[in-house]
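Let's take a walk through the aromatic side chains of a model. Have the viewer open and follow along.

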Amino acid sequence: MSPPSSPVPSPPPAPAPSFAVAFTALVAGAVAMGVSPVFVRFAEVGPFTSAFWRVALSLPFLYLWARLEADRQRRRTGTTAEATPWTRAQVLAGLFFTGDLIFWHLSILNTTIANATFLATMAPVWVVLGSGLFIGEAVSRASLAGLALCLAGAGTLVGSSYSFAPDRLTGDLFGICTSLFFGLYFLAVRAARRTAPTGVIMFRSSIVTALCLFGFAAAMEGSFLPETVIGLSALLALALLAHVGGQGLLAYALGHLSAVFSSLVIFMEAMTAAVVGWIVLSEALGPLQIAGGAAIVAGIWVARPRD
């Protein structure tokens, strides 16, 4: 009888990126998402349709991303990577992002960019409430202190541009709904990243989102195509910069950083939107807004991981 063969050792896991790498990806993603409101204004289609194209036009690039991840895994291990199964978290990420985009785009068109972005960045409040309940991540006192600073900074950043004027109240309510869905999206992606790589999650969740948004756009709006090259360019920019770049970097970072800390860094999206609104759309940006940005940076520093 031949001796039993020794088990084949499992390939070593891929080295985890440093905090600096994951944090840089998170900041870059926040900046990329922060410029998206300007492209929505120039998209020449309705809010549901622009949201649909943002996701649908990204699918070929996300598919390529997922394939490149699989190829890299195959080269690293020397074996063919097994297909990653679909999970409930991947589907929920797509559904929650559908709600986020629907209300986000409606908010942009019914209030100022500063208001829409400030209210959307209330998402960390929902992430703090849901982290322990849904994904089993404790929230530290440092994170709560950082959240308080970021909220104060975001409120200051909006400054005098925020008001409860009747003609903007509907848009502000849409912004609050955006924050709820965006917070749930954070939690779903954080859970999904425990079992799947970035490209797979982005591609699959985007399929779900695109299908849902197509239904909303078809039911609520008549025209699917922009009228000029400018409109088409805006939609492509939304897909490549805001979705593939911004959401993709966010999903990558959520594989290595907690949901609460990652959500705080997204306050930088408000900073980016305020600066872009000032440069492109002449929306106010003065000393109070600069002080608000400084408070956001301080809050992120306070909440940073200590280990």
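Is Phe181 buried, exposed or partly exposed? Phe181 is partly exposed, with a relative accessible area of 24%; buried means under 20%, exposed over 50%, and partly exposed in between, using a 1.4 Å probe and protein chains only.

A quick word on ground rules. This is a predicted model, where local features need pLDDT of at least 70, side-chain atom pairs count only at pLDDT 80 or more, and totals for chains, interfaces and linings use all residues. Residues are numbered from 1 along each chain as its sequence is written, and side-chain values use heavy atoms, with hydrogens and water left out.

Now for the rings. The structure has 14 aromatic pairs: rings of Phe, Tyr and Trp (its six-membered ring) whose centres lie within 6.5 Å, called stacked with planes under 30 degrees apart, edge-to-face over 60 and tilted for the rest. Take Phe23 and Phe261, a tilted pair at 6.1 Å centre to centre with 35° between the planes. They link distant parts of the chain, 238 residues apart: Phe23 sits in helix H1 (residues 19-34) and Phe261 in helix H12 (residues 259-265). Helices here are DSSP runs (H or I, at least four residues), numbered from the N terminus. Phe261 is buried at 1% relative accessible area, while Phe23 is partly exposed at 24%.

Back to Phe181, which is stacked with Phe103 at 5.8 Å centre to centre and 15° between the planes. Phe103 is in helix H5 (residues 88-110) and Phe181 in helix H9 (residues 166-192), so this pair ties together parts 78 residues apart in sequence. Phe103 is partly exposed too, at 21%.

Elsewhere, Phe52, Trp53, Phe214 and Phe224 make up one aromatic cluster.

How values were computed. Helices (H or I, at least four residues) and strands (E, at least two) are DSSP runs, numbered from the N terminus.
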